[in-house]
Amino acid sequence: MAQHTPSPAQWAELEAAARLAARHAYVPYSRFAVGAAILDEQDRIHPGCNVENASYGLGNCAERTAIFSARALHGLQQVIAVCIYTPTATPTSPCGACRQVLNEFGPHLLVRSICDGPDRIDTTLDQLLPHAFGPQNLTDAAAS
Ligand SMILES: O=c1ccn([C@H]2C[C@H](O)[C@@H](CO)O2)c(=O)[nH]1
Ligand SMILES: [Zn+2]
């Protein structure tokens, strides 16, 4: 399937959705409210925020919340692009766990990180997670 690229208007929508989603973040422990928004192959935008827990290690990042809720609510199939907003002076990249989860639904997806400052990062998941382990590795498994 051909990978399509978001239009400038779609990037602007993704950025706004990521910033808005951060307002729903549940971050009583880190006070670090992150928002994410994913664009799917049907041009739908799905938001997510980080949701922390008193058992600290169980918190979920904004990017994974976006993926899981989009799948549960809307049957997400393919991610074209993700935008991540962090409340920082410089943009930050998704954590390793989120890179892996993003890879499941969009191995070649585009990643934009935005923040409260003027800088942004535009990259790809291929750059962030080279030699990824994904669904194809399971189907490649030798029959026993
Ligand atoms: O890309 C990132 C990085 C961090 N966090 C969350 C996890 C935790 O709730 C808080 C501090 O790490 O920010 C995200 O949601 N996405
Ligand atoms: Zn993460």
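I take helices (at least four residues) and strands (at least two) as DSSP runs, numbered from the N terminus. The model I am reading is predicted.

**Entry on the annotated domain.** I looked up the UniProt record first. An unreviewed entry there places the feature "domain: CMP/dCMP-type deaminase" at residues 9-136. I find this span to be 34% helix and 21% strand, with its end C-alpha atoms 33 Å apart.

**Entry on the annotated binding site.** I next noted that the unreviewed UniProt entry gives a "binding site" at Cys61, Cys95 and Cys98. These positions are spread over 38 residues of sequence, yet they cluster in space, the largest C-alpha distance being 8.5 Å. I located Cys61 in the loop that lies between strand E2 (45-49) and H2.

**Entry on ligand 1.** Which residues come nearest to ligand 1? Of the 15 residues around the ligand, I list Ser30, Val34, Asn50, Cys61 and Ala62 as the nearest.

**Entry on helices H2 and H3.** I then examined how helix H2 (residues 62-74) packs with helix H3 (residues 96-105): the angle is about 25° and the axes are 9 Å apart. Because angles under 35 degrees count as roughly parallel, I record H2 as roughly parallel to H3. The crossing of H2 past H3 is left-handed. On the H2 side I noted Glu63, Arg64 and Ile67, which meet Ala97, Cys98, Val101, Leu102 and Phe105 of H3. The residues of this contact comprise six nonpolar, no polar and two charged.

How values were computed
Residues numbered from 1 in each chain as written. Chains lettered and ligands numbered in written order. Predicted model: local features only at pLDDT ≥ 70, side-chain atom pairs only at ≥ 80, totals over all residues. Near = placed C-beta within 6 Å. UniProt positions renumbered as here; feature names shortened; annotations may be inferred. Axes fitted to C-alpha atoms, helices over the stretch in contact; angles between N-to-C directions. Parallel < 35°, antiparallel > 145°, perpendicular 65-115°, else oblique. Left-handed = near helix turned anticlockwise from the far one by under 90°. Contact = placed C-beta atoms within 7 Å. Nonpolar A, V, L, I, M, F, W, Y, C, P; charged D, E, K, R; others polar.
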